[in-house]
Every structure is written in C-alpha cells, then in structure tokens.
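Dear colleague,

I am handing over the structure below, and my notes on what was found in it follow. Please read them with the structure open beside you.

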Amino acid sequence: MGLFLSLLGFFTAVTMWPIVLILHFLQVELLQDIPWSYVIGQALLGVCFNFCINFGIAYTYPLFISLGTVLGVPLNAVVDAVFRQVYLLNWKLTATVLILGSFLLTLLPSADSVYIQNKLCCKAVKSKQRSVDVQEREQ
C-alpha cells in the first residue's frame, strides 16, 4: 500500500506541474496568486489522512475504516448544519442519501442483494441475468 501511495504522489506531481507551469506562462493563473499556505496545509492533511487510513487498516478491520471514510461526508454535513447553520440543498442531500444507501447495499448478504436486484432492475437486465443463470446451470 505504501508503494501505491508513493507512486500516486509521484505521478500526481509529475503530471500536474506541467499544467501549473503552462497556466503560469499563459498568465491564466500566476504562481504568486496561489495561496501556498492553504495548498501546503491541504497536502499535509492529505498525508495525515492517508497515514491514519493505512494505520487503521493495519490495526483494526478494513470494514470499520471504510465505514468511517464513507460516513465522513454525511456526518460532516450534519456537523455543518448543527454548528454552522449551513444546510444541505437538494442535490447534496440526494448525494448523501445515495452514499449511505450504496454503502448499506454493499453490506447485504448475496441472497438479499439478488432479491433487491430483481425488484429494482429493469426487464432487460433481468432477462440477461436469467440467461446467464441458465448458462451457468447447464455447465
């Protein structure tokens, strides 16, 4: 995992610096105008986040860590609403519900997920699934 994150950071730096330099020389966005303290702070917080995720996966359960990362966005919205009086608009509320719903669907046992898939999917998908099931039974 450490190698992956190192390569991710390296390729991000290699691919993004030319874009920053091109924007600077075209005078679209000058390097002096970039709020470097915020950029450096965000980079340090990103490193801390990735370190904590890796540490948590190593010492606890991956499901527990993924639950924390997935629920971080909706819980952040609740904190904003309670403490800052910043409320969710329709699209953000819809996205939050979809995040929670998709995470809960991934936790279902396979028998329940097949039942939900049969109830929610369109007829074309159902017929395709049935043909795949018939082919699997014949083999």
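Of the 139 residues of the chain, 6% count as buried, where buried means under 20% relative accessible area, exposed means over 50% and partly exposed lies in between, with a 1.4 Å probe and protein chains only. This is a predicted model, in which local features need pLDDT of at least 70 and side-chain atom pairs count only at pLDDT 80 or more, while totals for chains, interfaces and linings use all residues. Residues are numbered from 1 along each chain as its sequence is written, and side-chain values use heavy atoms, with hydrogens and water left out.

The chain has 6 helices and 0 strands, helices being DSSP runs of H or I with at least four residues and strands runs of E with at least two, numbered from the N terminus. Among contacts in the chain with a separation of 6 or more, 39% are between residues 24 or more positions apart, a contact being heavy atoms within 4.5 Å.

Helix H2 (residues 36-59) packs with H3 at an angle of about 150°, their axes 8 Å apart; axes are lines fitted to C-alpha atoms, for helices over the stretch in contact, and angles run from 0 to 180 degrees between N-to-C directions. H2 and H3 are therefore roughly antiparallel to each other, since angles over 145 degrees count as roughly antiparallel, under 35 as roughly parallel, 65 to 115 as roughly perpendicular and the rest as oblique. On the H2 side the contact is made by Phe 49, Ile 53, Gly 56 and Ile 57, and on the H3 side by Pro 62, Ile 65 and Thr 69.

The axes of helix H3 (residues 62-83) and helix H4 (residues 90-106) come within 9 Å and cross at roughly 165°, which makes H3 roughly antiparallel to H4. From H3, Leu 63, Ser 66, Leu 67, Val 70, Leu 71, Val 73 and Pro 74 meet Thr 96, Ile 99, Leu 100 and Phe 103 of H4.

There is also 1 salt bridge by the rule used, namely a side-chain nitrogen of Lys or Arg within 4 Å of a carboxyl oxygen of Asp or Glu. Asp 80 forms a salt bridge with Arg 84, and the closest N and O atoms are 3.6 Å apart. Asp 80 counts as partly exposed because its relative accessibility is 22%, whereas Arg 84 is exposed, with a relative accessible area of 59%.
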